[in-house]
Amino acid sequence: MGSRLAGATREPGPPSSACDAPRIQRIYSGASLRYLGREEMTRDEAERYVAQAHEWGLADPVVQYILGIEAGRHLVGVVKLRRCPPGEGHVGYVLREDIWGNGYATEAVRRLITFAFSAAGMDRLTAKHLPDNPASGRVLVKSGFERVGPQGGHIHYRLLRP
Ligand SMILES: CC(C)(COP(=O)(O)OP(=O)(O)OC[C@H]1O[C@@H](n2cnc3c(N)ncnc32)[C@H](O)[C@@H]1OP(=O)(O)O)[C@@H](O)C(=O)NCCC(=O)NCCS
């Protein structure tokens with residue numbers, strides 16, 4: 001997970017190493033799980049996650065960009081951009097709970113949007129969150145997404161290329 005969105009390197013690229021599995025495992029733990037609807041990540045699962053991210057990032061076209069968010073040179077979160085129908089991308093993100101509230105997610109999503117509409121060649125982005133996760137909605141609205149409304153148990157958002 002060599003890419004840095006909130007660190008020194010501004011340009012996203014494919015994740016590059018499996019050595020961040022312990023930090024990925026830490027990110028997918030604790031309070032975040034409630035909003036992701038999942039269980040604690042195991043070490044095996046974290047290693048598979050990193051390997052899969054690497055594979056997806058190297059595919060042509062890229063299946064899903066999974067990019068690291070760094071604070072103080074440590075991986076503290078990931079922001080994701082999945083290719084959907086032609087021209088469309090779906091945005092997701094998760095941060096380690098002890099760094100919530102510092103603007104990292106918003107900064108990372110803003111950079112991801114720029115990347116999606118330029119280098120990744122997308123025209124339209126979507127995102128969604130559970131109704132009891134207003135912080136996620138705030139990140140999307142601050143980043144320019146438009147709230148579409150509730151559907152299928154989630155609140156949906158979209159953003160068109162300017
Ligand atoms: C959602 C998440 C990514 C936000 O990360 P973050 O780095 O704390 O986000 P930011 O600091 O950039 O912005 C958070 C905003 O939400 C606001 N917020 C936090 N808790 C809130 C609440 N309970 N109600 C309303 N707004 C809230 C903050 O005040 C801030 O807005 P502001 O800048 O206008 O004050 C993080 O909480 C997380 O990883 N959660 C678990 C995983 C998750 O929910 N992923 C998204 C799944 S759809």
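How many residues surround the ligand, and which are the closest? Select the ligand and its shell: 20 residues surround the ligand, and the closest are Tyr35, Ala105, Thr106, Ala135 and Arg138 (a residue counts as near if its C-beta atom, placed from the backbone, lies within 6 Å).

A word on what you have open. This is a predicted model, where local features need pLDDT of at least 70, side-chain atom pairs count only at pLDDT 80 or more, and totals for chains, interfaces and linings use all residues. Numbering starts from 1 along each chain as its sequence is written.

Now colour by pLDDT, the predictor's confidence in each residue, from 0 to 100. The chain has a mean of 87, and 88% of its residues reach 70 or more. Over residues 1-18, though, pLDDT stays under 50. Where pLDDT is low, the predicted coordinates should not be read in detail.

H2, strand E3 (88-95), H4 and H5 each give two or more residues to the shell, and H5 gives the most, with five. (Helices are DSSP runs of H or I with at least four residues, strands are E runs of at least two, and both are numbered from the N terminus.)

Next, select H5. Its buried residues are Ser136, Val139 and Leu140, while exposed Pro134 and Ala135 sit on the face turned away from that buried side. (Buried is 20 or more other C-beta atoms within 10 Å of the residue's own, exposed is 12 or fewer, partly exposed is in between; C-beta atoms are placed from the backbone.) The buried residues pack against helix H2 (32-36), helix H4 (104-117), E4 and E6, with contact meaning C-beta atoms, placed from the backbone, within 7 Å. Just after H5, look for Gly144, with a positive phi of about 105°.

Now show the sheet. It is open, with six strands in the order E1-E2-E3-E4-E6-E5 and mixed pairing (strands pair if DSSP finds at least two bridges between them). E1 and strand E5 (146-151) are at the edges, each with a single partner strand, so one side of each has no neighbour in the sheet. Zoom in on strand E4 (residues 124-129) and strand E6 (residues 154-160), which pair in the antiparallel sense over six bridges. There, Lys128 has His156 in E6 as its bridge partner.

Last stop: the loop between helix H3 (43-58) and strand E1 (64-71), where Pro61 lies. A cis peptide bond joins Asp60 and Pro61, with omega about 5°.

Notes:
Contact = placed C-beta atoms within 7 Å.
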